[in-house]
Each structure stands twice: as structure tokens, then as C-alpha cells.
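This briefing goes through one structure by topic.

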Amino acid sequence: KNVYAIIDTETANGLYSPLVYDVSVIIFDKQDNEYFRKNWLISEVWQNSNLMNSAYYAWKMPLYDNFETHTVNMFQFICEFVEIINKYNVTHLLAYNLNFDIKALNNFLEK
């Protein structure tokens, strides 16, 4: 059975050295049965006002108060993400802009 995870990131710090402040994940199967949905705010960036002022969608920051988010540090996110991928036996990882998302996650982990 194929199970898909779609990941999307929002970033700060510009396009050349983006740093993740928001990660969203949806897990579903081929029949569009949704198993899991969550949004994490990454505290190392989210709580840094200088970085957040550089976010492409900085104007959307107040909107985060209107939906459920979970603020965690990057290590906590990675642990939770791996646990979720394993729990639902995800077979395919997708992203809205995979190259950019990978770059942003790698930049964060290198800092």
C-alpha cells in the first residue's frame, strides 16, 4: 500500500540561504484518505525577530494565531517527523518545491 507524505516549508533569511521556520506535513493514501496533518513552527527561527523580519511571508505572521501550530526546536521536529513517517509506513515523500525545501532544511542543519 502506497502512503504519501507531502511536506512544505516556509522560510526566512532570503532565497540564497533560507532557514526553515514553518513545516507542514500531510499524510494520505492513493484513495485520498488522510491519516495525519500537522504544522510545526521551528523555535530557533520563529522566535528570532531579526530573522522573521526577513521572511518572504512575514506579513502572514499574525495569521498563525488563527490555526493550530506546535512550536518546537528543529531536533524535536526531526524526531517527531521520523516517528510519524514510521508510524504510517510512508512510502513516498513529496514536496511542493522539493529542491527549495531540501536546501532550506540543509541550511538550517548546517548552522
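Is Glu80 buried, partly exposed or exposed? With a relative accessible area of 23%, Glu80 is partly exposed. The model is a predicted one. Three salt bridges are present in the structure, and the largest nonpolar core has 30 residues.

**Salt bridges**

- Glu80 pairs with Lys38 in a salt bridge, with the closest N and O atoms 2.3 Å apart. This pair links distant parts of the chain, since Glu80 belongs to helix H3 (residues 74–87) and Lys38 to strand E3 (residues 34–42), 42 residues apart.
- Lys38 is buried at a relative accessible area of 18%, because the cut-off for buried is under 20%. Glu80, at 23%, is partly exposed.
- A salt bridge also joins the side chains of Asp29 and Lys1, at 3.7 Å from N to O.
- Asp29 is buried, with 1% relative accessibility, whereas Lys1 is exposed, with a relative accessible area of 72%.
- The side chains of Arg37 and Glu34 form a salt bridge with an N to O distance of 2.7 Å. Arg37 is exposed at a relative accessible area of 53%, and Glu34 is partly exposed at 43%.

**Strand pairing**

- E1 and E2 run antiparallel and are joined by ten bridges. Within this pairing, Asp8 has Ser24 in E2 as its bridge partner.
- The two strands E1 and E2 make a hairpin, with six residues between them.
- E1 also pairs with strand E5 (residues 92–95), in this case running parallel and through four bridges. Ile6 has Leu94 in E5 as its bridge partner.
- Eight of the ten residues of E1 are buried, so E1 is largely enclosed by the rest of the structure.

**Nonpolar core**

- In soluble globular proteins, nonpolar side chains tend to be buried together.
- The largest nonpolar core here has 30 residues, and the members that touch the most other members are Tyr21, Val23, Ile27, Trp40, Ile42, Val45 and Phe77.
- Two or more residues of this core come from each of E1, E2, E3, helix H1 (43–46), helix H2 (49–52), H3 and helix H4 (98–110). E2 contributes the most, with six residues.
- Leaving out residues up to four places away in sequence, Val45 touches Ala12, Leu19, Val20, Tyr21, Leu51, Met52 and Phe108.
- Met52 is located in helix H2 and is buried, with a relative accessible area of 1%.
- Beyond its neighbours within four places in sequence, Met52 is in contact with Ala12, Tyr21, Val45, Trp46, Ala58 and Met61. Ala12, Tyr21 and Met52 are also among the residues that Val45 touches.

**Positive phi angles**

- Asn13 has a positive phi of about 80° although it is not a glycine. Asn13 sits in the loop between E1 and E2, in the turn of the hairpin that these strands form.
- At 29% relative accessibility, Asn13 is partly exposed. The C-alpha atoms of Asn13 and Met52 are separated by 7.7 Å, while the two residues are 39 apart along the chain.
- Asp32, likewise not a glycine, has a positive phi of about 65°. Asp32 is in the loop between E2 and E3 and is exposed, with a relative accessible area of 63%.

**Nonpolar surface patch**

- On the surface, Ile78, Val82 and Leu109 form a nonpolar patch whose accessible area together is about 240 Å².
- Val82 is in helix H3 and is partly exposed, with a relative accessible area of 44%.

Technical notes
Residues are numbered from 1 along each chain as its sequence is written. This is a predicted model: local features need pLDDT of at least 70, side-chain atom pairs count only at pLDDT 80 or more; totals for chains, interfaces and linings use all residues. Side-chain values use heavy atoms; hydrogens and water are left out. A salt bridge is a side-chain nitrogen of Lys or Arg within 4 Å of a carboxyl oxygen of Asp or Glu. Buried means under 20% relative accessible area, exposed over 50%, partly exposed in between (1.4 Å probe, protein chains only). A nonpolar core is a set of buried Ala, Val, Leu, Ile, Met, Phe, Trp, Tyr and Cys residues joined through side-chain atoms within 4.5 Å. Contact means heavy atoms within 4.5 Å. Patches are made of residues with over 30% relative accessible area and no salt bridge: like charges are joined within 9 Å, nonpolar side chains (Val, Leu, Ile, Met, Phe, Trp, Tyr) within 5 Å. Accessible areas come from the Shrake-Rupley method with a 1.4 Å probe; for residues, only the protein chains shown count as cover. Two strands pair if DSSP finds at least two bridges between them.
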